[in-house]
Amino acid sequence: MKKGEVTKKHIIEQVAKLMNQRGFTSTSLAEIVEVSGLQKGGIYNHFKDKEEIILLAFDQCCKIMWERIESELQSKTSEKDRLLAFIEAYFSFGDNSPLAGGCTIMNAGVEADDGQSPRLLEQVQQQMRILLLQLEDIVKRGIENKEFRAEAEPHEAATFIMSSIEGGILLRQIFAEESHVLTVKKHLSLYINHELSAISE
């Protein structure tokens, strides 16, 4: 990797952590300069504009999220356990994780829907589609191997699971209380083990 590429990668890694906590569009150039250790001119030697930094920082945060999710799913041998592991992994994003600031997709989505960055909104939508499709695929495989009921609807299941997770995360952020997450986890576990499962536990 060339020196310029190393510097650019370093900037994005530092800025991504900041933006996930402070806001992707609301983080100022002064804050970017401070966290990167470069001057304004040095920043623009590596990036076309602030939006490029925002989009790359969002991608970096999503990469961290995906690495965490995939590492949890790889060790599971059943589709039911993969769903439960996905839920645990997604709820693990918070102040004491490699991705401080919570769910990147929620954080960026709240900002991006106000029209400040249509390109960021597009990336948020794309990442959420990928998450939903991953959940759908898990449910489909579970139906095929008879872990889940034949009449289960993968798209509906994925939507219910993802919206429940994001709702729990939002309440945790608003009230700074873990109890909301614990409640969502409990009910999602009941849903997976009883409503989805071909054999209720």
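Q: Why is K146 called exposed?
A: Its relative accessible area is 68%. Residues count as exposed over 50%, as buried under 20% and as partly exposed in between, with a 1.4 Å probe and protein chains only. K146 is therefore exposed. This is a predicted model, in which local features need pLDDT of at least 70 and side-chain atom pairs count only at pLDDT 80 or more, while totals for chains, interfaces and linings use all residues. Residues are numbered from 1 along each chain as its sequence is written, and side-chain values use heavy atoms, with hydrogens and water left out.

Q: What makes A176 exposed?
A: A176 has a relative accessible area of 69%, so it counts as exposed. A176 lies in the loop between α8 and α9. Its phi is positive, near 55°, and the residue is not glycine.

Q: How do you know that the length of α7 agrees with its number of residues?
A: The expected span of a helix is 1.5 Å times one less than its number of residues. The 27 residues of α7 should therefore span 39 Å, and the end C-alpha atoms are 39 Å apart, which agrees. Among the buried residues of α7 are L120, V124, Q127 and M128. The buried residues of this helix pack against α4, α5, α6 and α8.

Q: What makes the span of α9 agree with expectation?
A: The 18 residues of α9 should span 26 Å, and its end C-alpha atoms are 24 Å apart, so the two agree. Its buried residues are V181, V184, L188, Y191, I192, N193 and L196. Their cover includes α5 and α8.

Q: Why are α4 and α6 called roughly antiparallel?
A: Their axes come within 9 Å and cross at roughly 150°. Axes are lines fitted to C-alpha atoms, for helices over the stretch in contact, and angles run from 0 to 180 degrees between N-to-C directions. Angles under 35 degrees count as roughly parallel, over 145 as roughly antiparallel, 65 to 115 as roughly perpendicular and the rest as oblique. The pair is therefore roughly antiparallel. F58, C61, C62 and M65 of α4 meet T104, I105 and A108 of α6, where contact means heavy atoms within 4.5 Å.

Q: What makes α1 roughly perpendicular to α4?
A: The axes of α1 and α4 come within 8 Å and cross at roughly 80°. That makes α1 roughly perpendicular to α4. The contact includes I12 and M19 of α1, with I53 and A57 of α4.

Q: Which residues have the most contacts inside the largest nonpolar core, and how many residues does this core have?
A: The core has 58 residues, and Y90 and I165 have the most contacts inside it. A nonpolar core is a set of buried Ala, Val, Leu, Ile, Met, Phe, Trp, Tyr and Cys residues joined through side-chain atoms within 4.5 Å. α4 gives the most to this core, with twelve residues. Leaving aside neighbours within four places in sequence, I165 is in contact with F86, I87, Y90, F91, V184 and L188.

Note on methods
Helix = DSSP H or I, 4+ residues; strand = E, 2+ residues; numbered from the N terminus.
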